[in-house]
Amino acid sequence: SSGEFSHWGTYGSGNSEYDLPVGISHDNVGNIYVSDFWNRRILKTSSEGDFIAEIGVPGQYFMKNPYGAATDRMGNIYVADTDNHRGIRYYSSGNYLGHWGSIGSEPGQLRAPRGVCVNSTGSVLVADTQNSRIQVFSPSGTYQTQWSSYWPYDLCVNSTDHVYVVSPNNEIRIFSPQGTQISTWGSYGS
């Protein structure tokens with residue numbers, strides 16, 4: 001590695017401008033998705049930073065402070081719509097496909113979800129932050145299962161669908177694909 005890097009974006013609300021970018025992910029062809037919190041949208045760029053699309057336009061399905069975004073194998077985009085307490089699904093083109101969830105603590109309801117990822121079977125995992133749990137949904141948003149995890153902020157899955165969850169108590173928790181906690185990494189320190 002040459003140690004060189006690239007960066008893009010400035011403060012603002014235009015194409016390739018951000019106002020508190022809080023999450024980043026990629027799709028299977030290398031496009032980048034940035035959760036642009038205060039602009040209430042997801043920006044899709046090339047891996048070199050060239051603007052491709054703005055996802056989440058004003059109207060009925062307008063996002064309210066999204067934290068996380070992820071894509072599935074077909075390029076559909078899933079968003080943790082934090083302050084609307086729901087998940088939203090978009091086609092790879094950025095057109096609205098559907099949403100699920102409402103504020104609450106019952107199965108399928110969400111409270112300030114922050115992270116989202118998609119496993120190898122296409123199930124959508126959501127870090128249901130204020131309910132201190134991980135919820136699993138079908139691609140269309142049908143509730144499947146859940147398990148406890150203290151105040152989860154974000155999550156990802158590896159190639160064997162093990163789930164890695166980060167929380168503000170300075171830990172990363174590792175769960176089996178079925179939700180059994182396997183290990184905990186980290187502690188407070190400098």
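Author: Let us begin with a term: two rings of Phe, Tyr or Trp, taking the six-membered ring of Trp, count as a pair if their centres lie within 6.5 Å. Please keep in mind that this is a predicted model.

Reader: How many aromatic pairs does a search of the whole structure find?

Author: A pair of aromatic rings is described by the distance of the centres and the angle of the planes. When the whole structure is searched, the number of aromatic pairs found is eight.

Reader: How is the pair of W100 and F137 classed, and which parts does the pair tie together?

Author: The ring centres of W100 and F137 are 5.6 Å apart with 50° between the planes, and this pair is tilted. Because W100 lies in strand 10 and F137 in strand 13, the pair ties together parts that are 37 residues apart in sequence.

Reader: Is W100 buried or exposed?

Author: Buried means under 20% relative accessible area. The relative accessible area of W100 is 5%, so W100 is buried.

Reader: Where is S35, and which backbone oxygen does the side chain of S35 reach?

Author: S35 has its place in strand 4, which covers residues 32–36, and S35 is buried, with a relative accessible area of 0%. Among the residues that S35 touches are L20, R41 and Y67. At 3.0 Å, the side chain of S35 reaches the backbone oxygen of Y67.

Reader: Which residue lies over the face of Y67?

Author: The distance from the ring centre of Y67 is 4.5 Å, and the residue lying over the face is R114.

Terms used. Residues numbered from 1 in each chain as written. Predicted model: local features only at pLDDT ≥ 70, side-chain atom pairs only at ≥ 80, totals over all residues. Heavy atoms only, no water. Helix = DSSP H or I, 4+ residues; strand = E, 2+ residues; numbered from the N terminus. Buried < 20%, exposed > 50% of the residue type's maximum accessible area, 1.4 Å probe, protein only. Contact = heavy atoms within 4.5 Å. Polar contact = N/O pair within 3.5 Å; in protein donor to acceptor, adjacent residues only side chain to side chain. Phe/Tyr/Trp six-rings, centres within 6.5 Å; stacked < 30°, edge-to-face > 60°. Lys NZ or Arg CZ within 6 Å of the ring centre and 35° of its normal. Lists of a residue's contacts leave out its neighbours within four places in sequence.
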